[in-house]
Amino acid sequence: MGERVMTQIESIEYLLRRSQRRDDVFPIRREFVQARVQNQHGEPTTGPGPLSKLLRAPHALELLLLVYAVTTSADYGVTERSQLWGRAAGIYLLPDRGASMAVSRQWHHLEKLGLIKRQQDGHLKRIIKLRELGRVGELTLPYTAPSGARGDVYFRVPFAYWREGWHQKLDMPGKAVLLAAMSRRKDTFTLPQDTRGARALGLGRHTVARGIEELMRHELLLSAGEDEVVNARMKRGFEWVHSYRLAAPFNLNLSNSEIKRLEAERLSLSQPPVDDGQAGRRG
């Protein structure tokens, strides 16, 4: 009878408990999805963040999200066996040396993107997370806790992503659009599916369309209506734009301005209507 090996679920839960995050959520800067770049005229605009370079590397994305969840302070590093990482990310489930090579390839990809760095820690490797912007030219930035100030916006991802099995239920388009939607930090938001709009999200047009369809099928993304907006690039000068809303457990990201707007909206709806006729007689 063979010895028992930790399952993927047990490996993930071990890492999540290791983080000791009391609120069971972890932050990611918006720049991971959408980076601030310069256009051809040198003016600031938005463009693809490192997420766009992980769309064909699902195991690398899973490893990175686990690193983001686990590392909380000091050098923002974590040291664990390759076998544990391999099981948690669904890369390699056997407790042998094959895990080292399989996991090392994924770390190498993340290191090339400037999202992590590796250091020797005894006979193991310590994985240290870097700033979510990734590599810009030859430059990478050390990680610091996001402040939430203008230019340092972040969103939160719940541990329910793993505990409810969404890491297995969702394909890469669904995961990418889920992260993009959470980064919007609004109660209702748009997810442009034209080429230019999708690129501003850091994703391709077809990825956005497939991701929306996938999330709506799982009822994680809900339709919030349709509005006609100005778009001078369209022949008639207008276009219909769909609005969406995230469902639990991913509807936890609202900016302060959005919270104030919703509170003001609720307050106005709770006020009794003014009877103009009675008001006139009292006058």
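Reader: Which residues does S19 touch, not counting those up to four places away in sequence?

Author: S19 touches A69, V70, T72 and F159 on that count. These contacts belong to a predicted model. S19 has its place in helix α1, which covers residues 8-19.

Reader: Is S19 buried or exposed?

Author: The term "buried" applies under 20% relative accessible area. S19 has a relative accessible area of 5%, so it is buried.

Reader: How should I read a cavity, and how many of 30 Å³ or more are counted here?

Author: Rolling a probe the size of a water molecule over the atoms shows where empty space is left. In this structure the count comes to one cavity of 30 Å³ or more. The volume of the largest cavity is about 50 Å³.

Reader: Which residues line the largest cavity, and which helix gives the largest share of that lining?

Author: The lining consists of L61, L65, V157, Y161, K175, L178, L179 and M182. Helix α7 gives the largest share, with four residues. Helices α2 (58-70) and α7 (172-184) each supply at least two residues of the lining. By class, seven of the lining residues are nonpolar, none is polar and one is charged.

Reader: What can be said about the strands, and in which sense do β4 and β6 pair?

Author: In a regular strand the side chains alternate between the two faces of the sheet. As for the pairing in this model, strand β4 (residues 77-79) and strand β6 (residues 124-129) run antiparallel and share three bridges. One of the pairs to look for is V78, whose bridge partner in β6 is I127.

Reader: How many bridges join β5 to β6?

Author: Six bridges join β5 (residues 116-121) to β6, and these strands are antiparallel. I116, for instance, has K129 of β6 as its bridge partner. The hairpin of β5 and β6 has two residues between the strands, and G122 takes a positive phi near 70° there.

Reader: How many salt bridges does a search of the whole structure find?

Author: The search finds 14 salt bridges. R29 lies in strand β1 (residues 25-29) and D152 in the loop between β6 and β7 (154-158), so the pair ties together parts that are 123 residues apart in sequence.

Reader: Are R29 and D152 buried or exposed?

Author: R29 is buried at 1% relative accessible area, and D152 counts as buried at 12%.

Reader: Which residue forms a salt bridge with R131?

Author: R131 forms a salt bridge with E31, and their closest N and O atoms are 2.6 Å apart. R131 sits in the loop between β6 and β7 and E31 in the loop between β1 and β2 (34-38), so this pair ties together parts that are 100 residues apart in sequence. R131 is buried, with a relative accessible area of 18%, and E31 is buried, with 13%.

Reader: Where do the partners R245 and D187 lie?

Author: R245 and D187 form a salt bridge whose closest N and O atoms are 3.3 Å apart. The pair links distant parts of the chain, with R245 in strand β10 (residues 238-246) and D187 in the loop between α7 and β8 (189-190), 58 residues apart. R245 counts as partly exposed at 31% relative accessibility, and D187 is partly exposed at 22%.

Terms used: Residues numbered from 1 in each chain as written. Predicted model: local features only at pLDDT ≥ 70, side-chain atom pairs only at ≥ 80, totals over all residues. Heavy atoms only, no water. Buried < 20%, exposed > 50% of the residue type's maximum accessible area, 1.4 Å probe, protein only. Contact = heavy atoms within 4.5 Å. 1 Å grid on protein atoms, 1.4 Å probe; cavity = no way out; pocket = protein on both sides within 12 Å on 5 of 7 lines; lining within 4 Å. Points joined across faces, edges and corners; volume = space filled by probe spheres on them. Nonpolar A, V, L, I, M, F, W, Y, C, P; charged D, E, K, R; others polar. Pairing = 2+ DSSP bridges. Salt bridge = Lys/Arg side-chain N within 4 Å of Asp/Glu carboxyl O.
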